[in-house]
Amino acid sequence: MIILDNISKSFNATHAVKNISLTVSTGEIFGIVGPNGAGKTTTIRMMTGLLTPDKGKIIIGKYDIVNESIKAKSILGYVPDKAFLYEKLTAREFLIFISSIYRIPKSEALSRTDEMLELFGIKDIEDELIESFSQGMRQRLLFASALIHKPEVLLIDEPFMGLDPFGVRMLKGVIKDLSSKGVTIFLATHSLHIAEELCHRVGFINKGSIISIKTKEEIKGMEGGLEGLFLKMGSE
Amino acid sequence: MKMGQEDKAFFLLIRPKLLSLKNSIGTKVVLRRLPFIAIGVGFWFLFYIGTYKVLSYVRGIEFFGEILSRKLFSMTFFSLLGFLIISSIITSISSFYLSKDIPLLLSKPVEIRDILRLKTFEAFMNSSWMVLSFMPPVFIAYGISYGAPAGYYFLILGCFLLFSLITAGIGITIAHILTRLFPAKRTRNVLFGIGVFLFLSLYFLIKGLIPQDMSTPEGFISSIMSFKTESPMLPSYWITEAVFPILKKSGFSIFYPIILLSNALFFLLLSEIAGLRFYRVNMERVQPSGERIKRWILGGYYPEINTAMFYKDIKTFFRDTGQWSQVFIIGALIMIYVYNFKSIPINALSGFPFIKEIMVLVNLVLSGLVLSAVSARFIYASVSLEGQAFWIIRTSPVGMNRFIRSKFFYGFIPVTLLMLVLVFLTNLAMNAGGILMYLSLGTVLILCISVSGLGTGFGAIYPKFKYENIASVSMSLGGMAFMLIAFSVVIATLSLEAWIFYVYSLEDAMDLSAKIQIALGVIMIILINAIAFYLPMRIGKKKLQEQTGII
């Protein structure tokens, strides 16, 4: 479960996020869409603990991300929008490193590493340095690293960046599967059709505030679907 | 492209660098960095005083004073020649082949010649700016000591610039050729080759240049005099010949400045020809190519959380050419350092009181300088090494305490081992055993702890997660400030130790005042080193908690 309780964040007197309150239930996939610079990434960064809210509270699972950050982070998986990784490690070494800092016991870490490498289709390049990976391969590795410790909450910023159609299909399956197993997923995206297809609810953010939240069913019943709604909201 | 257009293209390419520099220097930034600038100026002043004193002493030596002074001048440039060439080779490889802006530049409609010129400028600045900024106190000390006219200062600055351009031209040419010659699928092979080549050259050069008999005062002076830096084929000889006549007010000849100028142009042109010939092919060879890494002997090792970051950093170090290639520069300097101590004629100087103690102290001061420089390169830069992947640490359940601790040990262990071996060997070379050996090793251990803490802390306070190459991190203003503060800690500690030793050896029977002075000295040493170790790491930890990393 994720709870955002009246959170705000400013940078040099500019409001990036204003008084957002939101609850995402266990197993729910919540999507957030909005124009560039609307506050999506800032919201996610606050949820990961990278930024501290000026005001309000963020609860991940049952932990406050500011006051109980280590506990909150150990049940959190995060996939950022840009895939900066340790370029001089191999994919396998990177996953082992992530397992270590999440305190996964050795035998489990090794089997999870193999499992993730297989699942995301990077087993055959597991011993290559990350610096030689394409954008799509990096994105797959990011997902593998975000899931290796079996997080209860998954935060994703632009999930399908650089992925080929096979990758997109595979990843959609993974996200749905995680949700069915009770993982709470919060994703920010510009791909409206994917948000429409995957998310149980979609929030529209503009100028730092969530201006509307619609359920899958509500979106389906609307003329022009999510795209029509987005264009209408974005121009307001 | 016509000449005018070429010049325009160069300035166009360099514009983003200059604009970035301009945008990063705001009033706020300058004010924040003011204390560091003040430290730099203070250090400059101390360096000037030190050089002036040494020069006055040398010039006062009967018969040989003036010749020795000139010899010291040419020896300084002779050492700089080697250092700058090595530094230029290493930075050229980073600037020409490993910089992050290369793919962008190569994809644009820009002539290779213009990219080469841009990178030549970058390599020149990166390899020589530190030396260029530290040499003026030496030039001024010589000028004041000889009462030189104003023209001397202009001449030496101009000649030194040309001297540095010659070394840059040579370094860049060698870098292009070596990258072409070695199987460059792994860039580290290239640098390994350069390293072996340089070590062997330096070893035989020094071995051949210094005569072995230095056991008597006469032998010592004649050895210094016959140190063969005076070959008319060397730029260090040209700069000495260009500057010394005006320094001694005995006239001015344009001959040697012209030689310097023509050689600077020649070597820059040579580097451009080498670049035009090899750069394209070399670039294709150094691209990451899906190279498979063999699993280590320790492949089955699974680190727990406390050692995971350390293990990751060690692996990354040996795979990152930008990092470990710097070991060569330091290795070469240390080799020269140890060799110099081996050559000191302790027996010939045995008539002076406390000569062994003084030499051990001088050794510790110089080791402190090496410690500060090595720490700037490796410890200060260790936090920034996380680069743009720092978000991984910030979003994982790793506390900043644990992170900083890991970075501390990553730097502390190798640097301490290096320094202990260095001081042990140099003391052995001077036959300084017993209590002097124990005291020096103990002092070095304390200094390694405090300077490593200081470096880790400073690196965390001023992290630079977005860098072109890792060498630029230690050469930033924060890196320089760290180096100066680290060296100040070394000097303060050693001064207090010297004071304790002085009080101890003066008093036949220790009275209360002497005991109090010694106790105060010890407390001060502990306090200074404890603060240097603890405070920056504490502030650094807080600063890192506010950092998002660049994502």
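**Helix packing and chain contacts in chain B**

The crossing of α15(B) and α20(B) is right-handed. This description rests on a predicted model. Helix α15 spans residues 355-378 of chain B, and helix α20 spans residues 477-506. Their axes come within 9 Å and cross at roughly 160°. Angles over 145 degrees count as roughly antiparallel, and α15(B) and α20(B) are therefore roughly antiparallel to each other.

From α15(B), the contributors include L361(B), L364(B), V365(B), G368(B) and L369(B). On the α20(B) side, they include F482(B), M483(B), F487(B), V490(B) and L494(B). The residues of this contact between α15(B) and α20(B) comprise 15 nonpolar, four polar and one charged.

T167(B) has 26 other C-beta atoms within 10 Å. A residue counts as buried at 20 or more, so T167(B) is buried. Leaving aside residues up to four places away in sequence, T167(B) touches L81(B), L84(B), I85(B) and S88(B). T167(B) and L84(B) are 83 residues apart in sequence, yet their C-alpha atoms are 6.0 Å apart in space.

Chain B also meets chain A. In this contact, 28 residues of chain B face 31 residues of chain A. Helices α12 (305-319) and α16 (390-394) of chain B each supply at least two residues to the chain B side. The most come from α12(B), with six residues. By class, the side of chain B that touches chain A has 11 nonpolar, eight polar and nine charged residues.

Conventions:
Residues are numbered from 1 along each chain as its sequence is written. Chains are lettered from A and ligands numbered from 1 in the order in which they are written. This is a predicted model: local features need pLDDT of at least 70, side-chain atom pairs count only at pLDDT 80 or more; totals for chains, interfaces and linings use all residues. Axes are lines fitted to C-alpha atoms, for helices over the stretch in contact, and angles run from 0 to 180 degrees between N-to-C directions. Helices (H or I, at least four residues) and strands (E, at least two) are DSSP runs, numbered from the N terminus. Angles under 35 degrees count as roughly parallel, over 145 as roughly antiparallel, 65 to 115 as roughly perpendicular and the rest as oblique. A crossing is left-handed if the near helix is turned anticlockwise from the far one by less than a right angle, and right-handed if clockwise. Two residues are in contact if their C-beta atoms, placed from the backbone, lie within 7 Å. Ala, Val, Leu, Ile, Met, Phe, Trp, Tyr, Cys and Pro count as nonpolar, Asp, Glu, Lys and Arg as charged, and the others, Gly among them, as polar. A residue is buried if 20 or more other C-beta atoms lie within 10 Å of its own, exposed if 12 or fewer, and partly exposed in between; C-beta atoms are placed from the backbone.
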